[in-house]
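Open the model in your viewer and keep the sequence panel in view. The tour below goes from one selection to the next and says what is found at each stop.

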Amino acid sequence: MDNNEKYIVCGGKRLRGEVEVLAAKNSVLPIIACCITVCGEVRLRNIEPLTDIKNMLLILKSLGGTYLFDGSDLIIDCRKLNKHSVSRDLTGMLRSSVFILGPLVSKFRRAEISYPGGCDIGLRPIDLHLDGLKNLGVSISENDEKIVCDGKGLHAGLVRLAFPSVGATENLIMAATLTEGTTVIHNAAAEPEIVDLQNFINAMGGSVHGAGTGTVIVDGVKTLHGGEYTPIGDRIVAGTYLIAGAMCGGKVTVRGVRSDRLLSLTEKLRAAGAGVTERTDGVTVESSGRLNMLRKVETQPYPGFPTDLQAPVSAMMACSKGRGYIIENLFENRFRHTVELNKMGADIVVCGRAATVRGCTLHSAEVMAEDLRGGAALVLAALKCEGTSTVSGLKHIDRGYYNLEEKITSLGGIIKRVENSCV
Ligand code: UD1
């Protein structure tokens, strides 16, 4: 998975044009895991081969499932899937490997995985996933090496999550889908990607209701059948391009995403002085590139401001006029990119979960992405400032942005992917 590439970015250019976003990574990952419980072929539309998605597919393959890319369709067949244990090297590749617990327990009444890996943005425990499964009758034993779930006693039931975790909500929905009776998840997360998982399951013959609210109800069915499904567009990728347009100036239209799912961002873009036009399937941002500072950005579960756009918006704030604050409520270590932004002339001071940003003129620099969204923030800063910057650590960016350089180039930005050894 390691790659030795970097971006060379010649900044200071206005961005103009349209980009289309395809299926949301955070929808596709649980949907791929859910295919474990589907008795038939599934065809998913609009899929980009992001690193995280490819790694999730490797997990599926290691369990005996098959997959095939047919253009932008992804065809998955888990009818012959016959293993319930995933090795440490595979689970270590991505946090979302935890999603397979629910489906495996549901299908085999047993699952074994090592602790999941993923972006280093904080502790990221999985206690809520495990506690929820225990509430549904699963016995769990853990040691340094492995988590072993014995689901012989799996039953429908009532779970109240201590925090509305996106992943735990999804895992529990998947565990309950083929479990006889009605399972109710209280204090569920309400992210659009959970609604998407619900819609996928229902399209395959399941019965899930309430996703998008704090209470999700799953009526267990005997089996899920195959079929076709188009996951929702990626609102975080869309948001990243909109922020790029606002920062660099010009006019950028993003298509393929519902504008009502980006309200917490578009409200901020307007407050910064950018013009925003919303249509049902997209958003246009128009900007002079001179932005007012946002007074306060505070990350919250949906429909609040998404933690995944915190780093990109911090790059925007770094070059806005005035002083503002960011509060990161979701993850305890999600400001690492600010050290790199400061190398580009930003003035961001972090204290615990809060950051104070004083707007400046950014300059070019050599910087290193250390996580997915932080990496995107560095690319945005490099596009904004005059001069030539390099952004290395592309393996992080590639987890969630497919051919970012092509999309940015189509908008008039100057960005090239090169081997790290090249100057
Ligand atoms: C998902 C998204 C991720 C996004 C995050 C928050 C996917 C694949 N990833 O991650 O991009 O940043 O939602 O919107 O959908 N927590 C616990 N115990 C748990 C689970 C979570 O304490 O068992 C904590 C986490 O450490 C974090 C908070 O709850 O502080 C939110 O995490 P969660 O909503 O679970 O995020 P993920 O599902 O990991």
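Helices (H or I, at least four residues) and strands (E, at least two) are DSSP runs, numbered from the N terminus. The model is predicted, so local features need pLDDT of at least 70 and side-chain atom pairs count only at pLDDT 80 or more, while totals for chains, interfaces and linings use all residues. Residues are numbered from 1 along each chain as its sequence is written, and side-chain values use heavy atoms, with hydrogens and water left out.

**Stop 1: two loops**

Select Pro-303, which sits in the loop between β17 (296-298) and α10. The peptide bond from Tyr-302 to Pro-303 is cis, with omega near 10 degrees.

Next select Asn-187, in the loop between β10 (182-186) and α7 (192-203). Asn-187 is not a glycine, yet has a positive phi of about 55 degrees. For comparison, most residues other than glycine have a negative phi, and most peptide bonds are trans.

**Stop 2: the ligand**

Now show distances from ligand oxygen atoms to the backbone:

- Leu-128: a backbone N or O atom lies 2.7 Å from a ligand oxygen.
- Gly-167: a polar backbone atom is 2.8 Å from a ligand oxygen.
- Pro-125: a polar backbone atom is 3.3 Å from a ligand oxygen.

Taken alone, the ligand exposes 740 Å², and the protein buries 87% of that (Shrake-Rupley method, 1.4 Å probe).

**Stop 3: α8 and α10**

Select residues 235-248 (α8) and 310-318 (α10); how do their axes cross? They come within 10 Å and cross at roughly 0 degrees, where axes are lines fitted to C-alpha atoms over the stretch in contact and angles run from 0 to 180 degrees between N-to-C directions. Therefore α8 is roughly parallel to α10 (angles under 35 degrees).

The contact (heavy atoms within 4.5 Å) is made by Thr-240, Ile-243, Ala-246 and Met-247 of α8 and by Pro-312, Val-313, Ala-315 and Met-316 of α10. These residues divide into seven nonpolar, one polar and no charged.

Note on methods:
Angles under 35 degrees count as roughly parallel, over 145 as roughly antiparallel, 65 to 115 as roughly perpendicular and the rest as oblique. Ala, Val, Leu, Ile, Met, Phe, Trp, Tyr, Cys and Pro count as nonpolar, Asp, Glu, Lys and Arg as charged, and the others, Gly among them, as polar. A polar contact is a pair of N or O atoms within 3.5 Å; within protein, one must be able to donate a hydrogen and the other to accept it, and residues adjacent in sequence count only if both atoms are side-chain atoms.
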